Amino acid sequence: MIDLEPDRAGRATLTRAVTDAIERFLDRLPDAPASTGEPPAAVLDRVAAAPRETPGSLDELLSVFSEAASYAVETAGGGYLAYFPAGGLLTSALAESLAATVNRYTGVTDLAPALAAMEHGVLRWLGELFGLPATAGGVLTTGASLATLGALHAARHHRLGGHDARATIYVTEHTHHCVAKAAAIAGFAPDRVRTVPTDERWRLDVAAAERVVAADAAAGLRPFLLVATAGTTSTGTVDQLTAAADLAARAGLWLHVDGAYGAAFQLTERGAALLRGIDRADSITLDPHKSLFLPYGTGALLVRDQAVLHAAHTAHGDYLRDLAGTEVPHPSDLGPELTREFRGLRLWLPLHLHGIAAFRAALDEKLDLTANLYTALAADPGVEVLAEPELSVLLFRSPAGDAATDELLRRINATREVFLSSTRIDGRLAIRLCVLSHRTHRRHVDQALRAIRAAAGILSG
Ligand SMILES: Cc1ncc(COP(=O)(O)O)c(C=O)c1O
């Protein structure tokens, strides 16, 4: 039995058992299937069982967890090439466990000033990475969706002073749905989120956007927010940020750059060239749980002027009257949350421990792997590759149409060596392969290539 506050022997049992479970998982990971079948009913019954009054067995409970986790798409593995993989750095996961154990309160800065400064330091470094000015700041969130809500709220507060039913937001069909969702939560009617055309490479058509913005303004609406995407979810392409920033400046719009997936490629030379102009954004979202390989649960919002974010989110309560504050703003004054886990260590530790060059090299490897795969697939008559990838998302389909593309994906995933997903581009299905996990290397991409070729070969007879 383990007490609520275990003694040294109890702690040793607990940490050894959890460490053993971690080790077993990591030992098996390289050979784990990329996906499994459905969990049996007995497994579902076990996980859903209500806790008993009496203590359970630690080993049994950990094995229930491990078994439940095994029926899944192996999102931690190198063969996971669907959606946005990240793998989940062990160093970050362990940092998380340490931070949770120390359990410092960092919703406000007074209770753990040096940890608040640590988190703020990570955000400052990110701001500098994107060339934001010294006024910049931000907040770590659970992910880009929440970061986007914070950006939208700050943009509206700063540009409009409050809600205005005439206020309009500009996106493209490839903008992530978290923008429309944030707008709905913030009280915008659906038709106040305006979808502007894209160019032949699925990027924001800035000239068309300018015409829509001008027409809306002439019709009495209040255009205030332009969303550009640095790495769209479906295509991985980067909107032309300099042109978007020019339009935002001309039309008096707040420029939000959704870099949830693509912004971290700023660390690489190729990425920085594509992201040129990001330094002119009013706000940027990025997801360390995507392109910095962290476990799920860490997003970041950066703003050009931290005071603007603060003005939009600061709130008062008599029960907080003892807080004097420090030089660093309270994270709760920069976003919707008050109490939150300490998110600084899960980023700070891996960044300092591995060094930035390790992240740069890993991202460069993903770009190289994707480019090589493109070259190989573009020469294959069994598939039609849609475009040369800009970052690490590759799109292809069966030349025989949507039903064949669906079947192609089913056959590739049925190998259980890799796992890919699909999307719709210009009204037609496309299979989407994203190389992003720190655990994805040459052998996984070769496996994907073999699986694609074999499935395409069978389909084309
Ligand atoms: C471009 C883009 N923006 C925003 C999001 C939302 O991020 P999150 O899932 O971290 O909330 C995603 C998620 O995949 C995305 O691809």
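Which atom of the ligand does a polar side-chain atom of Asp258 lie 2.6 Å from? I found a nitrogen atom of the ligand at that distance from Asp258; a polar contact is a pair of N or O atoms within 3.5 Å. I then noted that the protein covers 84% of the 390 Å² of accessible area that the ligand has on its own (Shrake-Rupley method, 1.4 Å probe).

Basis of the entries. I worked on a predicted model, in which local features need pLDDT of at least 70, side-chain atom pairs count only at pLDDT 80 or more, and totals for chains, interfaces and linings use all residues. Residues are numbered from 1 along each chain as its sequence is written, and side-chain values use heavy atoms, with hydrogens and water left out.

Ligand shell. I listed 13 residues around the ligand, the closest being Ser145, Thr233, Asp258, Asp287 and His289 (a heavy atom within 4 Å). By class, I recorded 4 nonpolar, 6 polar and 3 charged residues in this shell; Gly counts as polar. Helices α6 (144-160) and α11 (288-291) each supply at least two shell residues (helices are DSSP runs, H or I, of at least four residues, and strands, E, of at least two).

Sheet. I traced 4 strands in an open antiparallel sheet, in the order β8-β9-β11-β10 (strands pair if DSSP finds at least two bridges between them). The edge strands are β8 (384-385) and β10 (421-425). I found 4 bridges between β9 (393-397) and β11 (428-434), with Cys434 of β11 as the bridge partner of Val393.

Notes:
A polar contact is a pair of N or O atoms within 3.5 Å; within protein, one must be able to donate a hydrogen and the other to accept it, and residues adjacent in sequence count only if both atoms are side-chain atoms.
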